[in-house]
Amino acid sequence: MDAKIKQLEMIQGIINRLANNSFLIKGWCVTLVAALFALSAKDSAQRYMIVAYIPVVIFWILDGYYLWQERLFRALYDYVRGKDDEEIDFSMDTKAFIRGKDTWSRSIISTTLLIFYITLIVMMLIVKYSL
């Protein structure tokens, strides 16, 4: 039982790091967009507003990757949770859990990421056209 608990703790640690990375990416994205908008307002250079869309897309894709990995490790967690104690091998391989619907591209267009990044893009458009 100790081996099973230890492996579950290791997997949970990875899930926590992935969730934390996703949170940090969202924070960096908002910070960078705000800085680029402040720079564009100061210099009256509209090109900074256009450049602000590039990091949003890059962060969105990276955030989708972290969400996808988190989902794979959650599937691994559930798999290990159901294993017998004798079958514990401390494998962290998640390739067996990649299925048709659980893909990187599907994670990018997940509801949570769509709400955050589409809202951010709409806010950017509102600010751009209100200046």
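Phe90 is found in the loop between helices H3 and H4, where helices are DSSP runs of H or I with at least four residues, numbered from the N terminus. The model is a predicted one, in which local features need pLDDT of at least 70 and side-chain atom pairs count only at pLDDT 80 or more, while totals for chains, interfaces and linings use all residues. Residues are numbered from 1 along each chain as its sequence is written, and side-chain values use heavy atoms, with hydrogens and water left out.

Phe90 is not a glycine, yet it has a positive phi of about 60°. With a relative accessible area of 38%, Phe90 is partly exposed; buried means under 20%, exposed over 50% and partly exposed in between, using a 1.4 Å probe and protein chains only. The loop between H3 and H4 (104-108) also holds Arg99, which counts as partly exposed at 43% relative accessibility. Arg99 lies 27 residues from Leu72 in sequence, and their C-alpha atoms are 9.5 Å apart in space.

Helix H1 (residues 2-43) contains Ile14, a buried residue with a relative accessible area of 17%. Leaving aside residues up to four places away in sequence, Ile14 touches Phe73 and Met92, contact meaning heavy atoms within 4.5 Å.

Buried in H5 are Leu113, Tyr117, Leu120, Ile121, Met124 and Lys128. Viewed down the axis of H5, these buried residues fall within an arc of 95°, so they line one face of the helix; the arc is that of the directions from the axis to the C-beta atoms. Thr111, Thr112, Ile115, Tyr129 and Ser130 are exposed on the face turned away from the buried side.

What meets H5 in H3? Residues of H3 (53-81) in this contact include Phe59, Trp60 and Leu67, and among their partners in H5 are Tyr117, Ile121 and Met124. The contact comprises 13 nonpolar, two polar and two charged residues; Ala, Val, Leu, Ile, Met, Phe, Trp, Tyr, Cys and Pro count as nonpolar, Asp, Glu, Lys and Arg as charged, and the others, Gly among them, as polar. The axes of H3 and H5 come within 10 Å and cross at roughly 170°, axes being lines fitted to C-alpha atoms over the stretch in contact, with angles from 0 to 180 degrees between N-to-C directions. H3 and H5 are therefore roughly antiparallel, a term for angles over 145 degrees.

Notes:
Helix = DSSP H or I, 4+ residues; strand = E, 2+ residues; numbered from the N terminus. Parallel < 35°, antiparallel > 145°, perpendicular 65-115°, else oblique.
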